[in-house]
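Me: I am new to this structure and would like to learn how to read it. Could you walk me through it one feature at a time?

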Amino acid sequence: MRLSTILILLSSATFETARQLFRRGEWRIASRFLLVTASLGTAFLASQLTAWRSLVMHGAFLARNPHSSFFYLFTGLHAAHLIGGLVVLFVLVLGKSKRRELVDVATMYWHFLGVLWLALYWVLITA
């Protein structure tokens with residue numbers, strides 16, 4: 001879970017850097033940072049899959065108890081929203097529209113996912 005947290009925080013920082021570069025008109029460099037963000041987001045998802053596999057290997061199945069159900073439900077929903085964010089990232093990089101508003105909204109969405117992860121992490125470690 002710590003690795004996941006580091007990855008999501010780093011991805012938020014790289015997304016913000018891309019947003020700032022885009023605002024200055026440096027689209028090519030911003031695109032590279034967006035790809036780094038996508039890589040970090042994908043690594044986050046991989047770390048979550050690893051955590052889920054580890055839990056299953058230790059007998060913590062979805063329906064075993066309310067705590068494991070809570071973990072799978074909320075981390076799964078977070079992962080689904082992150083996948084949506086990755087789709088938007090690729091639309092930004094590959095799309096022809098270079099609208100600043102789209103980059104701003106996508107960045108805010110990604111930051112929201114980071115804050116949401118921190119809240120989930122806190123709930124899960126204090127439960």
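Reply: Happy to! Keep in mind that this is a predicted model.

Me: Which residue forms an aromatic pair with F15?

Reply: For a pair, look at how far apart the ring centres lie and at the angle between the planes. By this rule the count comes to three aromatic pairs. One of them joins F15 and W110, with 5.8 Å from centre to centre and 55° between the planes, and is tilted. F15 sits in helix α1 (residues 2–23) and W110 in helix α4 (residues 100–126), so this pair ties together parts that are 95 residues apart in sequence. W110 is buried too, at a relative accessible area of 1%.

Me: What kind of aromatic pair do F44 and W117 form?

Reply: Planes over 60 degrees apart count as edge-to-face. F44 and W117 have 85° between their planes and 5.1 Å between their centres, and their pair is edge-to-face. F44 belongs to helix α2 (residues 27–57) and W117 to helix α4, 73 residues apart, and the pair links these distant parts of the chain.

Me: Are F44 and W117 buried or exposed?

Reply: Apply the cut-off you saw for F15. F44 is buried at 1% relative accessibility, and W117 is buried at 0%.

Me: Which residues does T5 touch, not counting those up to four places away in sequence?

Reply: A contact is counted between heavy atoms within 4.5 Å. Leaving out residues up to four places away in sequence, T5 touches W117, L118 and Y121. T5 itself is found in helix α1 and is buried, with a relative accessible area of 9%.

Me: Now the whole protein: how many helices and strands are there?

Reply: There are four helices and zero strands, giving the pattern α-α-α-α along the sequence. The C-alpha atoms fill a box of roughly 50 × 25 × 20 Å along the principal axes. Among contacts with a separation of 6 or more, 74% are between residues 24 or more positions apart.

Key. Residues numbered from 1 in each chain as written. Predicted model: local features only at pLDDT ≥ 70, side-chain atom pairs only at ≥ 80, totals over all residues. Heavy atoms only, no water. Phe/Tyr/Trp six-rings, centres within 6.5 Å; stacked < 30°, edge-to-face > 60°. Helix = DSSP H or I, 4+ residues; strand = E, 2+ residues; numbered from the N terminus. Buried < 20%, exposed > 50% of the residue type's maximum accessible area, 1.4 Å probe, protein only.
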